[in-house]
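Dear colleague,

I am handing over the structure below, and I would be glad if you read through it alongside these notes.

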Amino acid sequence: MSSTVKVVVTGAAGQIAYSLIPRLVDGRTFGDKKVDLSLVEIPQVVDKLEGLVMELEDSYFPNMGNVSYTSNFEEAAKDGDWFLLVGSIPRGIVYNGKKIEERSDLLSINGGIFVDQGSAIGKYGKEEAKILVVGNPANTNALIGKNAANNNSQLWMAMTMLDSNRAKSIIAKKTNIDISEIANMIIWGNHSPTMYPDAENVIIKGELGNTVLEDQDWIDSVFIPSVQQRGKAVIDARGASSATSAAKAAIDTVMACEHPSSSNDCFSAAISSDGSYDVQEGLICGFPLMRLDDGTIEIKRDLALSDYARKKIKISIDELLSEREAVKHLMK
Ligand code: NAD
Ligand code: LMR
């Protein structure tokens, strides 16, 4: 074993976590590193985690290190290298007598969670810790958390990898090309129905999407809305929000950050804008990202955006701005 990584997972008794946690210790996500797990739940259900810990022990994962669980986030956060912030309310359930239909309904319910968690991560998490917000509305929750953490050495991300995986899957079916041959699948903007899955810069078997996918009508009326609405379609079909695919996407994001990106690829996650592609600084926006050899994560800056793409991205940026306005009372 080369070293140890400490991973903190919130919402650890929830449905995404049940698929996610075993994969963190299976020896593939973090290679030969030993993985310490710190699992967090709300006080009402934290005791259930004893059962999950029993199952993890019974699975005998050679790379599993110390496993602990708690409802005290500050205690859990100490020396965390990775924070997977899943804990929050999903769509599709009834909350306080109201059916939660849109991700924006979650803004007022979940936003507050990320003030205290962000502040604890800033204080107790490791310098250069990486934080992946899965709980919705993921971008704005990450904005709240990053603001509360006030620690610029740490990298806050919101998950858009699931959208990128969905987009690849749709393109693979349409073109009859194996999904492993689809690269550079970027999701711009918010993880919401305004996101812009980029069919122009995607690389399909070595060719740019805008030369392979010539059917603009299909892009407008099938591809983009299918990616944007896939979360809802899963909720409608399953009666619960996507879980196993969300867990896989979280693992894909961690792996993309742990291993250098190849020069003709990038991965999708939302991070704080530095003004690239004219996105307002500080917004947590979906970008094409590269993991460099020295371990840093950077926005891939040399992509061409058509007027069509810029218009679509602006819709999502405007939504992020209005979400930021709605949570300004939670920001310092
Ligand atoms: P779930 O209800 O099964 O589990 C959520 C868990 O979080 C619950 O066990 C709950 O007790 C716990 N929790 C709530 N507040 C917490 C807190 N303050 N600290 C720690 N734990 C807390 O829900 P799920 O299906 O696992 O989904 C979790 C979230 O992920 C939802 O907000 C959902 O919308 C979101 N999601 C995001 C994506 C994405 O692509 N970004 C994909 C799927 C789901
Ligand atoms: C998804 O995209 O599947 C999740 O964000 C869940 C949701 O509410 O859509």
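A residue counts as buried when its relative accessible area is under 20%, as exposed when it is over 50%, and as partly exposed in between, with a 1.4 Å probe and protein chains only. Please keep in mind that this is a predicted model, in which local features need pLDDT of at least 70, side-chain atom pairs count only at pLDDT 80 or more, and totals for chains, interfaces and linings use all residues. Residues are numbered from 1 along each chain as its sequence is written, and side-chain values use heavy atoms, with hydrogens and water left out.

Cys266 is buried, with a relative accessible area of 8%. If a disulfide is taken as a pair of cysteine sulfur atoms within 2.5 Å, the count comes to 0 disulfides. For Cys266 the closest cysteine sulfur belongs to Cys257 and is 12 Å away, which is too far for a bond. Cys285 is likewise in no disulfide, since the nearest cysteine sulfur, that of Cys266, is 13 Å away, and Cys285 counts as buried at 0% relative accessibility.

Turning to the rings, those of Phe, Tyr and Trp (its six-membered ring) pair if their centres lie within 6.5 Å, and their planes count as stacked under 30 degrees apart, edge-to-face over 60 and tilted otherwise. The structure holds 5 aromatic pairs. In one of them, Trp188 and Tyr277 have ring centres 4.8 Å apart and planes at 80°, so the pair is edge-to-face. Both Trp188 and Phe287 are buried, and Trp188, Tyr277 and Phe287 form one aromatic cluster.

Conventions: Chains lettered and ligands numbered in written order.
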